[in-house]
Amino acid sequence: MDESENNLPTSHLLGSVPAVVKEEKSIPIYEVPEANLQIFPPNNGANGARGFQTPGSPSDGQLQSESKWKGVFSISSYAQYFNVDTDVVLNRLISSLHPIGGDFFSKIDANPDLYGSIWTSTTLVFVIAALGNCATYLTKKHSNSSTTWSFDVGYLNVAAGSIYGYAFLVPVAFYFLLQYLGSNASLVRFWCLWGYSLFIFVLSSVLLIIPVEFLRWLIIVLAGGASACFVALNLRSYIESTDINLVIVASFVLQMGLALFIKIWFFP
C-alpha cells in the first residue's frame with residue numbers, strides 16, 4: 001500500500017471512531033455590582049455590565065435609572081452605614097458639641113454612618129417624653145402640692161413623630177433643594193449631620209426638668225443656638241456653591257424652631 005492510500009480519511013470505515021475535538025468556549029463572567037448610597041439614589045449598575053437583551057428591551061438609561069432606585073429599597077444598600085465602631089460614634093457625638101468647628105463632614109467623609117443618627121434620634125424621643133412628664137409634674141407640684149403623678153403617653157407619640165420626622169424629612173428636603181440649585185450633595189451625609197446635631201438636646205433635656213422657667217428658656221436657647229450653628233456652619237463648609245446664604249439661614253432657623261418646639265410642648 002502506497003503512501004497516498006495511507007493518507008485517506010478513515011472516519012467513514014466500519015468500526016472507526018471519530019476523533020473528539022474539544023472546543024473551548026469563552027463564557028463571559030458577570031459581576032453583580034453593589035449598591036452605594038454615597039450618591040443618591042444608589043447606583044446598582046456602576047460598572048455598566050449588561051446581560052442578554054431581547055428585542056424591545058429598555059434602553060441603557062432606563063435600566064440604569066431603575067437599578068439606582070431599586071437600591072433605595074434594598075437592605076444590603078444600607079448595611080455599610082451601620083458598620084461603625086463605638087469609639088467612632090462617641091467621637092462624632094463629641095464633635096457635635098463643638099458648633100464652630102465646621103469640620104464634621106471631613107470626619108465622616110470616609111465612612112458616614114446612620115447608626116449614630118438613629119441612636120441619637122431614638123434616645124432623644126424617649127428622653128424628652130420621660131423627662132417632659134417629670135418636668136410637667138414638678139411644675140404642677142410646685143404650684144399645687146396635692147398634684148399626683150401621672151404619665152402622659154401622648155408625649156411619647158408626639159416625640160416620635162416630630163423627632164423622627166424632622167431627622168428624616170429635613171435632610172431630604174435640603175438634599176433635593178441643593179440638587180435643584182446645582183450643588184453637590186450627599187443624602188447620607190445630611191442624615192448623619194442632622195442626626196448627630198440632636199445629641200445636644202439629649203443633654204439639655206436633663207437640665208430642663210428644673211422647675212425654673214427663666215432657667216429653662218436660657219438652657220433651650222443655648223442648646224438650640226449651638227445645634228443650629230453646628231448644622232449651618234458645617235453645611236456652609238460642605239457646599240461648593242457660594243450663593244447659598246438663604247439655605248444656611250433656613251437650616252439655622254429650622255434647628256432653632258425644633259428647640260423651641262421641644263421647650264414649649266414637652267417642658268411648658
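What share of the 268 residues in the chain is buried? Hi everyone, the answer is 39%, where buried means under 20% relative accessible area, exposed over 50%, and partly exposed in between, with a 1.4 Å probe and protein chains only.

Some ground rules. This is a predicted model, where local features need pLDDT of at least 70, side-chain atom pairs count only at pLDDT 80 or more, and totals for chains, interfaces and linings use all residues. Residues are numbered from 1 along each chain as its sequence is written, and side-chain values use heavy atoms, leaving out hydrogens and water.

Now the fold. The chain has eleven helices and zero strands, taken as DSSP runs numbered from the N terminus (helices H or I, at least four residues; strands E, at least two). Of the contacts (heavy atoms within 4.5 Å) with a separation of 6 or more, 73% join residues 24 or more positions apart.

On to confidence. pLDDT is the predictor's confidence in each residue, from 0 to 100; its mean over the chain is 79, and 71% of residues reach 70 or more. Residues 30-39 stay under 50, with 28 contacts beyond four places in sequence. Residues 43-61 are also below 50, with 24 contacts beyond near neighbours in sequence.

Spanning residues 213-238, helix H10 gives the most to a nonpolar surface patch, with three residues. Leu 222 lies in this helix, and Leu 222 counts as exposed because its relative accessibility is 56%. Thanks, everyone!
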